[in-house]
Amino acid sequence: MRLSVDKIKAAILDPDSALRTAAVYYFAGGSSPDPGLMPLVIQAFEKYGIDAFDFYSFLDSLAQTDESISWICRQLDQIDPEADETADDLFGELVEALRTAEAMLLERHAAEIREVRQLDEGSKAVISNRIQLASLAPEALWQKLIELCQSQDLETGAEDDFDFDFGSSIVDALAKYPDQSAGEVLKILAREEGGDWLEVMAARLAGAIRLEAATPTLVGFLADPDSWDGASARWALSRIGTNAVVEELAARYGDEDLRPEIACLFKNIHTDLCVQTCVELLGQEQDEELREWLIVSLLMNFATEGIEPAREFVLAREKSPEVLEVRDVLLLACRMLDARFPEFDAWVEDSQHDVEFLQAWYEEHGYGDFLDDFEDDEEVDWDADELDAELDDDLDDQPAETVVRKDEKIGRNDPCPCGSGKKYKKCCLHKQVLG
């Protein structure tokens, strides 16, 4: 049984920052269009201050309102981004939320936005472009998107040369014309040549208009998870998030190239069928890493069905970073669900020493030099979950004594593979704590 949406929304104001953070990322994972979320987020900031949430990368994934746009503008002139890392992170995410807000809202607040002293000119230009693009007819928008994508070869050109902001702004403008865009999106995604920026943008547009018919093709893109196609497909499928997506993912789960991505993707799709599917696949899955991801997906759906499999997973294995990841999400989900199990209190107590355990574990397994670099990094606070995320990017060149993820190394300043267009350190690195 899944926790009700109303109870998850109420947790955005919970006294515990971990629960507030988990609740808001539940909605951000599928880019919820609910306009009632940002008012709760604002209340949380007003009640708990700048530390209201553990991470802030959810801000550009929630639907903004007239009130939230005005609030963001005020915050941008009140926050000192030089004060500390927390202030810098929040400031950056607020800027991103403003840059990606709906054009109609931006137009209504254009004068207010121009007066924001601390908003850089580049961001003001992006916002101005979004407003101007929103006034164009769909035919003109398609022409601009095609010209932009044809000007840069995804295979041979430098990715930094592509104006991702402008492309995303065109996509968002086209999303206002779903009926006129759906056929063109499907045609582009079905092209045999593919593999270019137009395909990437079409995949994002499929997500923006929640085009269910694109699901089979998007799932196929998951076979190349480190590509821009794969990243855009993950984003789009999470945003579409219907039972039809769940059914397609389940039908394709037998494909070994797709299985890891599918197991992880389920955490962003919040339906009863998704929970039922995860339970069924978990009953068949023998691979330990895939079982871990299916369990986490169940728990991040705040489904009681994930509690006992997660408990058994932790009990059956020696303590390790992977086991702690499952245990942490289990304890968090149980607090959200107000559920308990025999080891709960003891595991909560033991979790207070996770940082020390991880330090010792990584030292023992030959990562002492990396730990030294991590602890000296002024941009990152010492946090067990962030450490685990950082190490996932550095393990490929290390001794093969431990289980590692198979992802290609991602630098903290590289574009995030989720397709957001932001740097990894400002996006999914911060989301690792949530599964």
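Reply: Leu-298 is found in helix H18, which covers residues 288–300. Helices here are DSSP runs of H or I with at least four residues, strands are runs of E with at least two, and both are numbered from the N terminus. The model is a predicted one, in which local features need pLDDT of at least 70 and side-chain atom pairs count only at pLDDT 80 or more, while totals for chains, interfaces and linings use all residues. Residues are numbered from 1 along each chain as its sequence is written, and side-chain values use heavy atoms, with hydrogens and water left out.

Leu-298 counts as buried because its relative accessibility is 0%. Buried means under 20% relative accessible area, exposed means over 50%, and partly exposed lies in between, using a 1.4 Å probe and protein chains only.

What is Leu-298 in contact with, leaving aside its neighbours within four places in sequence? The residues are Val-275, Cys-278, Val-279, Leu-282, Ala-303, Glu-305 and Gly-306. Contact means heavy atoms within 4.5 Å. Val-275 is 23 residues away from Leu-298 in sequence, yet the two are 6.1 Å apart in space, C-alpha to C-alpha.

Val-275 also takes part in the packing of two helices, H17 and H18. The axes of H17 and H18 are 10 Å apart, and the helices pack at an angle of about 155°. The angle makes H17 roughly antiparallel to H18. Axes are lines fitted to C-alpha atoms, for helices over the stretch in contact, and angles run from 0 to 180 degrees between N-to-C directions. Under 35 degrees counts as roughly parallel, over 145 as roughly antiparallel, 65 to 115 as roughly perpendicular and the rest as oblique.

The crossing of H17 with H18 is left-handed. A crossing has that hand if the near helix is turned anticlockwise from the far one by less than a right angle, and is right-handed if clockwise. On the H17 side the contact is made by Val-275, Cys-278, Val-279, Leu-281 and Leu-282, and on the H18 side by Arg-291, Leu-294, Ile-295, Ser-297 and Leu-298. By class these residues divide into 8 nonpolar, 1 polar and 1 charged. Ala, Val, Leu, Ile, Met, Phe, Trp, Tyr, Cys and Pro count as nonpolar, Asp, Glu, Lys and Arg as charged, and the others, Gly among them, as polar.

H17 has another helix contact, with H15. Helix H15 (residues 243–251) and helix H17 (residues 272–284) have axes that come within 9 Å and cross at roughly 15°. H15 is therefore roughly parallel to H17. This crossing, too, is left-handed. H15 contributes Asn-243, Val-246, Glu-247 and Ala-250 to the contact, and H17 contributes Leu-273, Cys-274 and Thr-277. The contact of H15 with H17 has 4 nonpolar, 2 polar and 1 charged residues.

Elsewhere in the chain, Ser-123 lies in helix H8, residues 121–133. With a relative accessible area of 1%, Ser-123 is buried. Apart from neighbours within four places in sequence, Ser-123 is in contact with Val-95 and Arg-99. Both of these belong to H5, and they join Leu-98 of that helix in a contact with Gly-122, Ser-123, Val-126, Ile-127 and Arg-130 of H8. Helix H5 (residues 85–99) and H8 pack at an angle of about 20°, and their axes are 9 Å apart. That angle makes H5 roughly parallel to H8.

Two loop residues have a backbone feature to note. Most residues other than glycine have a negative phi. Ser-31 has a positive phi near 50°, and this residue lies in the loop between helix H2 (17–28) and helix H3 (37–48). Arg-210, also not a glycine, has a positive phi of about 50° and lies in the loop between helix H12 (197–208) and helix H13 (215–221). Are these residues buried or exposed, or something in between? Ser-31 counts as buried at 8% relative accessibility, whereas Arg-210 is partly exposed, with a relative accessible area of 30%.

For the protein as a whole, there are 25 helices and 0 strands. Of its 435 residues, 54% count as buried. Among contacts between residues at least 6 apart in sequence, 67% join residues at least 24 apart. The disulfide count is 0, where a disulfide is a pair of cysteine sulfur atoms within 2.5 Å.
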